[in-house]
Structure formats: C-alpha cells, structure tokens
Number of protein chains: 2
Amino acid sequence: MWTKKQKKMKERRTELHVAALCNGTAIDHIPTNVVFKVVSLLELEKLDNPITIGNNLESKKMASKGIIKISGKFFEEDVINKIALIAPNVVLNIINDYEVVEKKKVVLPQTIEGIVKCNNPKCITNNEPMLTRFNVIDKDNIELRCHYCDVKIRKDDIILK
Amino acid sequence: MWTKKQKKMKERRTELHVAALCNGTAIDHIPTNVVFKVVSLLELEKLDNPITIGNNLESKKMASKGIIKISGKFFEEDVINKIALIAPNVVLNIINDYEVVEKKKVVLPQTIEGIVKCNNPKCITNNEPMLTRFNVIDKDNIELRCHYCDVKIRKDDIILK
C-alpha cells in the first residue's frame with residue numbers, strides 16, 4: 001500500500017514530462033545527482049539549440065531520473081564519452097523524425113584530459129596553468145591515475161573542474 | 001520572407017516544449033544566456049522536486065527564451081528577488097491545479113549578500129573567508145556598490161560567485 005505522501009510524491013513526479021524530440025539527441029536515465037554535471041560537461045549552457053532538461057522525474061527503471069533532450073544536435077564520440085565518467089549507464093538516443101535511429105552507450109575513454117581535477121594539492125596540474133590528464137586504470141569501477149603525479153582517484157572522489 | 005534556414009530554425013524552436021505544471025512555480029521569459037545562472041542562484045541542483053528546464057525555445061515576446069518549472073515548490077521572496085540581479089524582467093507564475101493563481105515580479109533587494117563577487121581584487125571579501133555585501137545604488141540600471149571597499153559594479157560587470 002502506498003501512503004498518502006508517497007501517492008502525492010508519485011503524482012508530482014508524473015505531472016512533469018519533457019516533450020518529444022523531432023531530431024537530435026536524447027540522453028535518458030541520468031542519475032538525478034549528476035544531471036547538471038552532464039549539462040556542464042557537454043557545455044549545454046553555450047548552445048543555441050532548443051534544449052529541455054528534466055530532473056527528478058518518474059522512471060520505470062530507477063527511483064527517479066533525469067533526462068536531457070537537445071534538438072538538432074549530435075555529439076562527437078569523444079564528447080559523449082566524457083559522460084561515462086559520472087554516469088556510466090547512460091544511453092544516448094539519436095532521434096530522427098521522432099524515431100530512435102541509434103542507441104549509443106557511453107564508453108569510458110582510455111585517457112581523460114582537462115575535465116577532472118587532481119586530488120593531490122602538490123600535483124603540478126594544481127600549481128601550473130595546464131590541463132590535467134588521467135589514465136583510466138579500472139573501467140568497470142572507474143578508477144583513474146594522474147599522468148603527472150601518479151595519484152589514484154576512485155569514482156566517488158572524482159571532482160570535475 | 002523567411003529564408004529556408006530561418007524556417008528550419010523556427011521549426012527546431014517549436015518542436016520542444018515544457019509540459020504543463022499542476023502545482024508549483026513557473027519562471028517564464030528568462031533570457032537564454034542566464035537560464036543556468038538562475039538554476040544555480042535558486043540552487044535547483046539540490047532540489048528533489050520534479051523540475052523541467054527549457055532553453056532557446058520559441059517566444060512571442062522575445063527572439064527565444066528560457067523557462068523553468070518546479071513542481072510542488074514555492075520560493076521565499078528574498079530568494080526569488082535574487083533573480084532580479086540577472087533577469088530583472090522575469091515573472092514567476094504561481095500555479096495551483098494547472099491555473100496561474102499569482103504572478104510575481106522580481107524586485108531587486110536593497111542589499112545583496114553572498115552571491116556577487118567583488119571586482120576589486122584587493123577587497124577584503126576576496127582575501128578573507130567572508131560573505132560579500134553590496135548596496136544597490138541604482139535599481140533601474142542595476143548598479144551595485146561594495147559595502148566594504150566602495151567599488152561600484154555595473155550590470156554588465158556583475159560576476160556571480
């Protein structure tokens with residue numbers, strides 16, 4: 001049995017939704033706590049394309065989810081693979097004429113440049129104006145090693161720049 | 001006459017929209033370049049409420065616009081008035097049972113604490129761990145004066161922290 005509060009929450013979750021996309025990219029099933037990180041990773045603030053973002057929406061697969069739809073925009077592989085860093089299970093739907101023509105899984109790249117901060121305050125990347133660089137040493141559990149100072153960073157300790 | 005490209009742009013603008021809200025706050029006619037600043041000013045990343053954000057959408061009043069709808073959320077006056085700093089013409093629609101029950105204009109407060117960075121690098125607020133504080137000296141053109149170092153900041157030079 002659902003409590004009254006749960007029912008109300010469910011109603012609130014269902015009432016908002018994001019409209020269908022004619023052509024573009026729909027990123028679905030984004031964990032709610034990383035939706036705005038995905039926005040900044042993909043630099044969606046800078047786009048002129050129509051965009052809708054939903055968060056804390058009802059999901060069949062998850063307790064609640066985020067979704068991002070960008071009209072008329074198709075991303076390069078290396079850009080979308082950055083998402084794997086914070087949301088490894090996300091699927092990108094490529095939409096053409098209201099139909100999904102391709103489903104892309106995000107894949108963590110072998111090296112990650114410029115988007116993760118090194119957690120070692122003495123690392124040269126924290127003291128010089130330069131890009132950070134990490135090698136992915138564990139793709140499944142997401143573990144990185146700094147190319148410069150060798151410090152290891154686990155998934156939960158990743159800080160985006 | 002519309003060119004083919006303009007027509008295509010218009011089609012792209014219309015195809016995405018943000019669904020109706022049952023109860024909550026709808027912030028409409030947000031200039032497209034400040035939508036994500038409004039998100040961070042209102043700390044929407046931290047909310048559990050269902051939320052939809054649209055940007056670069058077609059507008060009758062503006063070339064294109066942003067819109068933010070938050071289900072089940074009603075903001076305090078002092079919170080929404082922060083928006084006046086970056087989007088002085090925004091109107092908040094308070095929605096109850098799918099109907100607008102109140103329209104709130106944002107009003108620039110007399111003093112602004114903690115959200116604007118002082119542009120003077122020597123200002124104490126840039127050198128000590130403390131909140132910034134500004135007096136609004138011109139409400140119409142949005143001009144601020146730092147309470148600590150007296151530096152004046154005009155609208156276009158405002159940097160949010």
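Trainee: What should I know about the model before I start?
Mentor: This is a predicted model, where local features need pLDDT of at least 70 and side-chain atom pairs count only at pLDDT 80 or more, while totals for chains, interfaces and linings use all residues. Residues are numbered from 1 along each chain as its sequence is written, chains are lettered from A and ligands numbered from 1 in the order in which they are written, and side-chain values use heavy atoms, with hydrogens and water left out.

Trainee: How many helices and strands does chain A have?
Mentor: Helices (H or I, at least four residues) and strands (E, at least two) are DSSP runs, numbered from the N terminus. Chain A has 3 helices and 11 strands, in the sequence pattern α-β-α-β-β-α-β-β-β-β-β-β-β-β.

Trainee: What share of chain A is buried?
Mentor: Buried means under 20% relative accessible area, exposed over 50%, and partly exposed in between (1.4 Å probe, protein chains only). In chain A, 43% of the 161 residues count as buried. The accessible surface of this chain is about 9200 Å², with 48% belonging to carbon and sulfur atoms; such areas come from the Shrake-Rupley method with a 1.4 Å probe, and for residues only the protein chains shown count as cover.

Trainee: In what order do the strands of the open sheet stand?
Mentor: Two strands pair if DSSP finds at least two bridges between them. Here 10 strands give the order β5(A)-β4(A)-β1(A)-β3(A)-β2(A)-β2(B)-β3(B)-β1(B)-β4(B)-β5(B), with antiparallel pairing. The β5 strands of chain A (99–105) and chain B are at the edges with a single partner strand each, so one side of each has no neighbour in the sheet. On average, neighbouring strands of this sheet are turned by 20° against each other, direction ignored; the axes behind such angles are lines fitted to C-alpha atoms, for helices over the stretch in contact, and angles run from 0 to 180 degrees between N-to-C directions. For one pairing in detail, β4 (residues 91–96) of chain B meets β5(B) in the antiparallel sense over 6 bridges, and L92(B) stands opposite K104(B) of β5(B).

Trainee: How many salt bridges does the structure hold?
Mentor: Side chains of opposite charge can pair when their charged atoms come close. The criterion is a side-chain nitrogen of Lys or Arg within 4 Å of a carboxyl oxygen of Asp or Glu. Over all chains there are 8 salt bridges. One of them joins D28(A) and K65(A) at 2.9 Å, N to O. D28(A) belongs to strand β1 (residues 24–30) and K65(A) to strand β3 (residues 64–71) of chain A, so this pair ties together parts 37 residues apart in sequence. D28(A) is buried at 15% relative accessible area, and K65(A) is buried at 12%.

Trainee: Which residue forms a salt bridge with E77(B)?
Mentor: That is K104(B), with the closest N and O atoms 3.1 Å apart. E77(B) sits in helix α3 (residues 77–80) and K104(B) in strand β5 (residues 99–105) of chain B, so the bridge links parts 27 residues apart in sequence. E77(B) is partly exposed at 45%, whereas K104(B) is buried at 16%.

Trainee: Where is N81(A), and what does N81(A) touch?
Mentor: N81(A) lies in the loop between α3 (77–80) and β4 (91–96) of chain A, and is buried at 12% relative accessibility. Contact means heavy atoms within 4.5 Å. Not counting residues up to four places away in sequence, N81(A) touches K105(A), V106(A), V107(A), L108(A) and P109(A).
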